[in-house]
Amino acid sequence: MKKISLLGLGIFAAFAVSAQESLVKDVERELKASSPDYAKALKDIQPALSDASTSGTMMPWYLAGKAGIGVYDNAYIQETMGNALNPEQKIAAGKALIEGCNAYFKALQLDSIPDEKGKIKPKKSKEILKTLASEYPQLRNAGIFMFDAHDYDGAYDAWELYVNLPSNPLLGKQAPQADPDTIVGQIMFYQAVAMLSVDKNQKALDKLQQVIPTGFSSVDVYRYGVESARRVNDSIAMLDFAQKGYDKFGTEDISFIGQLINAKLSANDYPACYELVNKALEVTSEDNAVMKSQLYDILGYILEQDNKLDEAEANFDKAITLDPSFAKGYFDKGRIIYNKALKLDEEGNGEDRNAEVVPDLLKAAELFEKAYMLDENNMRQIPNILYRLYYRLGAGYEDKTDYWKGL
């Protein structure tokens, strides 16, 4: 059996180290060219970032940072000169900037390691710090690039660097001055929207909770807060956003008061429900018929739950009188009449049916059909309701029964 030379293995290991060091030198020369190919340099340096012989040294990370930022900067220049980037180019540019910044963070750490004499002699830190500070606004723009190209995770990551760069301890006194809190808050809001777009709902909720202290003021912060909390079944956060949204924007979005009332209804706290909706009615302008209509509909629903059916129907009437295009108002009034007719049909006699049940069923059917005509998309339960209603009416309504059964 041929003996294995340990000396030969040692020579091979030394050769491998030499190859990685040579690669770093080659990329360094690439980036010193008059017109560097940053994309090629970023690709070429990758083996040195994972090889044990070079990954613990500053230079390959510095070169990766320089190349990544160069890729983005060139793309941004093209965009500003009117050469619009396609989605793939926007994503590539954004990812390159993120990779470049993260590589620079690593290079900064390695550039501050004491030498064999215990002294710290940074070689590239000054340049890195200056570049990172100058790229601060570009991180915001890179996020916009990626969001527009539907890379929502990438957009979130670029904006996360933007939000945190001014407070990054690696930059110290060289950190850029942060944009005003309201601008940063707006970017954080966009981060939440990005996460909702990919169903990372807890991440969206966490970010929206961070937005509120920034002072960024938009009703959508609270709308999306309610929605993200709903998606993760966090009822406490959902009510918190609804309360804060209602306190700040009142009835600008009716869903806030709706959430608060639902919570009170769950606890059978009818007085609190009436107080909420009546207060909202008082502060809503008479000129705002649409909002008034929705509030009367909510009041009708509360009264219905409180078993005050005649008063409930009267308020549904007010709702559709104020806004004749309000589909839910017609549906709710139809539902009250339909349920009353069903109860009478089950408990009454034949005379009651002919005198009251059939007219009420037909009246409910007319209201349901009106609601469906006004808002087919949100009233998809109506065809099945009408099928059962006309089936109950029986002879003479076969065509109607078949029609609604087929929808």
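Predicted model: local features only at pLDDT ≥ 70, side-chain atom pairs only at ≥ 80, totals over all residues.
Colleague: Thanks! At what angle do helix α12 and helix α13 pack?

Modeller: Helix α12, residues 235-249, and helix α13, residues 254-266, pack at about 130°, and their axes lie 8 Å apart. The two are therefore oblique to each other. Their crossing is left-handed.

Colleague: Which residues make the contact?

Modeller: From α12 come M238, L239, A242, Q243, G245 and Y246, while α13 brings F256, I257, Q259, L260 and A263. By type, these contact residues divide into 8 nonpolar and 3 polar, with no charged ones.

Colleague: I see numbers three or four apart in such lists. Why do residues three or four places apart point the same way in an α-helix?

Modeller: An α-helix has 3.6 residues a turn, so residues at that spacing point the same way.

Colleague: Now for helix α15. How many residues does α15 have, and how far does α15 reach?

Modeller: α15 spans residues 289-305, which is 17 residues, and reaches 24 Å from first C-alpha to last, close to the 24 Å expected.

Colleague: Is α15 mostly covered or mostly uncovered?

Modeller: Mostly covered, with 12 of its 17 residues buried. Among them are M291, L295, Y296, I298, L299, I302 and L303, and also K292, D297 and E304.

Colleague: What covers the buried residues of α15?

Modeller: The cover includes α13, α14 (270-283), α16 (309-322) and α17 (327-347).

Terms used:
Residues numbered from 1 in each chain as written. Heavy atoms only, no water. Axes fitted to C-alpha atoms, helices over the stretch in contact; angles between N-to-C directions. Helix = DSSP H or I, 4+ residues; strand = E, 2+ residues; numbered from the N terminus. Parallel < 35°, antiparallel > 145°, perpendicular 65-115°, else oblique. Left-handed = near helix turned anticlockwise from the far one by under 90°. Contact = heavy atoms within 4.5 Å. Nonpolar A, V, L, I, M, F, W, Y, C, P; charged D, E, K, R; others polar. Expected span 1.5 Å × (residues − 1). Buried < 20%, exposed > 50% of the residue type's maximum accessible area, 1.4 Å probe, protein only.
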